[in-house]
Amino acid sequence: MTTYTAMGGGDHDMTGDRGRTPRTSRGAGELMAFPSVRAGHVMAGQQAVEVWVQAAWLMLAEGRAYIEDLEGGTEQPQMQQAAKLRFLEQLLDIDQRLAGRVAVDDAHCLALALEYGMREVVDATGPELAEVFGLHEEFGGDICAVDEIHVLWERLLDAFPGELPDRLVAEGQRDMLRTLRVWAELARTAGLDIGFLAPFMKAA
């Protein structure tokens, strides 16, 4: 039996519905995407340019890759389960960057997301994230719920303050090159070298 601890929630049995806390939190369609930006609270200057370009790349390259794994892995629920956990960790990493914090090690992202929730990428508590990502499922089981994750992803795309082209569609590569040129120009205007994005691109 696998358990997890979420803020204020104690230990919850994750083996099916047995012991599962009744849902009282908001679903993905009710969560506000990028609440700080929508409220008018943004960083100023070079830091804002750097972290938002980083966020854009991580969503464009990493986020889309995990969503593709969820879409293409319907016959492999265990692979989907791993992908959705990694996607949640990725969103926490982006959230930390947008908050102006030093990105935490990957090994701690899931625990931080469940303990403290998110405030920048999406306004959600740890239990709400656990619900959206279906963490009540038995890991390694024969099902993987992803519908709520797709709803959240579409909300993030719609609310993101910039273009996130899809490289898999016909015009995607051209749009990708145009977007990279826009980012480079934005960085130069802010007095930055777009080279700060190189480690992220190499890791993709």
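Which residue forms a salt bridge with Glu137? In this predicted model, the partner is Lys84, with the closest N and O atoms 2.9 Å apart. The pair links distant parts of the chain, since Lys84 belongs to helix H3 (residues 77-98) while Glu137 sits in the loop between helix H5 (126-132) and H6, 53 residues apart. Glu137 and Lys84 are each buried.

Arg97 forms a salt bridge with Asp93, and here the closest N and O atoms are 2.9 Å apart. Because Arg97 and Asp93 are four residues apart in helix H3, about one helical turn separates them. Both of these residues are buried.

A further salt bridge joins Glu163 and Arg178, whose closest N and O atoms lie 3.1 Å apart. Glu163 is in the loop between H6 and H7 and Arg178 is in helix H7, so this pair ties together parts that are 15 residues apart in sequence. Glu163 is partly exposed, at 39% relative accessibility, and Arg178 is partly exposed as well, at 34%. Through shared partners, salt bridges join Glu163, Arg174, Asp175 and Arg178 into one network. In total, the model holds ten salt bridges.

The loop between helix H6 (147-159) and helix H7 (172-189) also contains Pro165. Pro165 counts as buried because its relative accessible area is 4%, under the 20% cut-off. Beyond its neighbours within four places in sequence, Pro165 is in contact with Leu60, Arg64, Gly172, Asp175, Met176 and Thr179. The C-alpha atoms of Pro165 and Ala61 are separated by 9.6 Å, although the two residues are 104 residues apart along the chain.

Note on methods. Residues are numbered from 1 along each chain as its sequence is written. This is a predicted model: local features need pLDDT of at least 70, side-chain atom pairs count only at pLDDT 80 or more; totals for chains, interfaces and linings use all residues. Side-chain values use heavy atoms; hydrogens and water are left out. Helices (H or I, at least four residues) and strands (E, at least two) are DSSP runs, numbered from the N terminus. Buried means under 20% relative accessible area, exposed over 50%, partly exposed in between (1.4 Å probe, protein chains only). Contact means heavy atoms within 4.5 Å. A salt bridge is a side-chain nitrogen of Lys or Arg within 4 Å of a carboxyl oxygen of Asp or Glu.
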